[in-house]
Protein chains: 2
Amino acid sequence: MRDVAIIGIGTTKFGEIWDASFRDLGIEAGLKAMHDANLTGSEVDGMFIGNMSSGRFINQHHIGALIADYAGMASRNVPATRIEAAGASGGIAFRQAVMAVASGMNDIVIVGGAEKMTDVTDEATNSILDSATDQQWEATMGVTFASLNAMIARRCIHEKIVTREEMASMAVNSHAHGALNPDAQFRKAIDLNTVLKASMVADPLGMFDCAPISDGASAVVLCPLDMAKKYTDRPVKVASSAQASDTLALFQRKNITTFDATVAAAKQAYSLAKIEAKDIAVAEVHDHFTIEGILALQDLGLFKRGEAGKAVMDGQVMVGGKVAVNTSGGLKARGHPIGATGVAQIVEITKQLRGDADKRQVPNAKYGLAQNVGGTGSAVVVSIMEAI
Amino acid sequence: MRDVAIIGIGTTKFGEIWDASFRDLGIEAGLKAMHDANLTGSEVDGMFIGNMSSGRFINQHHIGALIADYAGMASRNVPATRIEAAGASGGIAFRQAVMAVASGMNDIVIVGGAEKMTDVTDEATNSILDSATDQQWEATMGVTFASLNAMIARRCIHEKIVTREEMASMAVNSHAHGALNPDAQFRKAIDLNTVLKASMVADPLGMFDCAPISDGASAVVLCPLDMAKKYTDRPVKVASSAQASDTLALFQRKNITTFDATVAAAKQAYSLAKIEAKDIAVAEVHDHFTIEGILALQDLGLFKRGEAGKAVMDGQVMVGGKVAVNTSGGLKARGHPIGATGVAQIVEITKQLRGDADKRQVPNAKYGLAQNVGGTGSAVVVSIMEAI
């Protein structure tokens, strides 16, 4: 297996983007990444695309071929593979691309993640999102992702793992960072009271505990580490990428105050990268709901069980704290165009490890981690990048 | 890169299966494949799932996690990755699984393909199928897959590449073989007149030129070739698996009487397997429409351009002919549960190379090929298997 490097990154702005189509967004992110890697495009020999539901959001399946076509890759018959794993679509596409390069099957691979969510009604959006829960045993009972996460939050509060205020501080942290990211959907810092007094979505989760509906696309270019200097003088090494599954339905778990798939993927990712949680300087975690962000901090080993909420409240996950978390703004403030999220996380970590993160730069970061979740912890990818 | 072997296969019957759900079908195929490979399940360390549109056919996304869960793999956090590439979903899932084992990332991988198409109305089915054409430039003009293939057929007749009767004989061939396959959707031989006199779908294609709507699932188990004898005394080697893209929309092609992606994937597959087209004894080709079957025979190099139709008419693609094609019954008679098809092709080729194909057995077959197509030739996978 060869070592793999990230040699290019690109992203669109995230948000309600009314003047660009799905394909416009995908191409914008891809072209930016190729330009960043100093590629003309003819070097690319493989493509992977993360997307949850173009089939329902824009009535278009087969977007691997679509993206290959519109990126000018079809004329050279470059293979393009679409991955779907709900919220983890982008992260798994990234991992497949890493595997393709590590194995020697491909040399220059572009990974894109994209979702256009705002072209359908709110009712349709909810139906599409909830189709990633277990249809037979969850959705038919009226359960939604917000209510599933509310149950987790209630249990965590009951077990004194986190307080309502600590949970809310996760959103304060994400917004503080998002205000510094020009590509973020929400660029406004908020205070704790704003989160606590927001309209209720699913008790105890209010509107500011939930990530928004977003349009957007992100892309990264990978190649073997020993070829990277040919394209860029600032490659970032992919130290590891690990994936794990859990039950689709939440009620089948022994314990809903931890995501076993995060624990399993993190364990493997640290082991492959030959580092420990304490070595991580910057992390992007999947805060689709604030409680998911808190769980991630614990399950990744960044904080001890029961101490993550306090750490967030104390500013320990801000830039300058113990470990900077969601410096991009996270799903909450950067936005969450589902299939793009896992790739956007890699874009942010790469920026941090290159020293390109401007006002939100973490000083001297050596290792960065991205944690991307599908469903209620049903599929998790943890990838670790290393500054070289 | 390690050599990879197929050590287990399993499939459900294909057809209108009203008494089984999507998950029932997937599990049936998977359990059969694991049983065939003498596995208990605890050996599996990776899963890949090919599926086109569970999101619309059964309102369920995130089926990687679903299948991992219901296969009992979630308790061990086995990663499961879903691939979507319209009709090529199964074939690309297979290729990703081959890559996972070849690279050393996984040892024992199960690949499943599944689709449950008959739980929605015919109108919904058509809308879902057509969402794999280019929505912006094809579907909005009223184009369907049948009409796209009818245009190809018209052009091929005009250029004297094939006659209407020769095209029809492709369906006769598939039905003759399907009659011998206990798992096929249609198990009845038909004559040329039946095809020619059938109700028109899109001139010149009639009902018997088109594959049916089907439910079904298939699965195969892969491991490194040098571990295969531990599990089975009849492993089949994966000699190569290659994938290529073309434009999503048909009108953008220079020539619609050939699928460039088939030509490109076949060239690479033969090269990697170190064989030529003439070495292939048995092939499963993607005859979603009879004209696609004819194109495949030419583009794969099994027959010269303009000679494939005559060869089919002359019985040269029947068992006992020059090269046995679609001994399973093909998409036309075995059925076409979209995501399952690419995996079902591998199941049939494995049966043939093991000598397990009963009344449709090709004698002494050394090399078998599977060609799986997404869209109108927009994504093609060609895999070659070798008897050892």
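This is a predicted model: local features need pLDDT of at least 70, side-chain atom pairs count only at pLDDT 80 or more; totals for chains, interfaces and linings use all residues.

Me: OK, where is A168(B)?
Reply: A168(B) sits in helix 7 of chain B, which covers residues 164–178.

Me: Is A168(B) buried or exposed?
Reply: A168(B) counts as buried because its relative accessibility is 0%. Buried means under 20% relative accessible area, exposed means over 50%, and partly exposed is in between (1.4 Å probe, protein chains only).

Me: And what does A168(B) touch?
Reply: Not counting residues up to four places away in sequence, A168(B) touches L192(B), V195(B), L196(B) and D209(B). Contact here means heavy atoms within 4.5 Å.

Me: Let's switch to helix 10 of chain B. How many of its residues are buried?
Reply: 10 of its 10 residues are buried, so helix 10 of chain B is mostly covered. Among them are I291(B), L295(B) and L297(B).

Me: Tell me about L297(B), then. What is it in contact with?
Reply: L297(B) belongs to helix 10, residues 290–299 of chain B, and is buried with a relative accessible area of 0%. Leaving aside neighbours within four places in sequence, L297(B) is in contact with M170(B), V285(B), L302(B), F303(B), A308(B), V312(B), V317(B) and V325(B). The C-alpha atoms of L297(B) and A283(B) are 9.2 Å apart, and the two residues are 14 residues apart along the chain.

Me: What comes just after helix 10 of chain B?
Reply: G301(B) does, and it takes a positive phi of about 80 degrees.

Me: Which residues have a positive phi without being a glycine?
Reply: In chain A, N326(A) is one of them, with a phi of about 55 degrees, and D358(A) also has a positive phi of about 55 degrees. Most residues other than glycine have a negative phi, and most peptide bonds are trans.

Me: Where do N326(A) and D358(A) lie, and are they buried or exposed?
Reply: N326(A) is in the loop between strand 10 (324–325) and helix 12 (330–334) of chain A, and it counts as buried at 0% relative accessibility. D358(A) is in the loop between helix 13 (338–354) and strand 11 (367–374) of chain A, and it is exposed, with a relative accessible area of 62%.

Me: You mentioned peptide bonds. Which one is cis in chain A?
Reply: The bond from D203(A) to P204(A) is cis, with omega near 10 degrees. P204(A) lies in the loop between strand 5 (200–202) and strand 6 (205–206) of chain A. In chain B, a cis peptide bond joins D203(B) and P204(B), with omega about 10 degrees.

Me: And what about T12(A), where is that?
Reply: T12(A) is in the loop between strand 1 (4–11) and helix 1 (22–36) of chain A. At 1% relative accessibility, T12(A) counts as buried. The residues that T12(A) touches, beyond those up to four places away in sequence, include L25(A), K32(A), D183(A) and G216(A). The C-alpha atoms of T12(A) and A184(A) are separated by 9.4 Å, though the residues are 172 apart along the chain.

Me: Zooming out, how many helices and strands does chain A have?
Reply: Chain A has 13 helices and 12 strands. Of its 388 residues, 68% count as buried. Among contacts between residues at least 6 apart in sequence, 77% join residues at least 24 apart. The C-alpha atoms of chain A fill a box of roughly 55 × 45 × 35 Å along the principal axes.

Me: Last one: what superposes chain A on chain B?
Reply: A rotation of 180 degrees with 0.0 Å of shift along its axis does, at an RMSD of 0.0 Å. That is the relation of a two-fold axis. The same surface serves both copies, as 100% of the contact residues of chain A recur in chain B. For this, copies are superposed by least squares on the C-alpha atoms of residues with pLDDT of at least 70 in both.

Definitions and conventions: Residues are numbered from 1 along each chain as its sequence is written. Chains are lettered from A and ligands numbered from 1 in the order in which they are written. Side-chain values use heavy atoms; hydrogens and water are left out. Helices (H or I, at least four residues) and strands (E, at least two) are DSSP runs, numbered from the N terminus.
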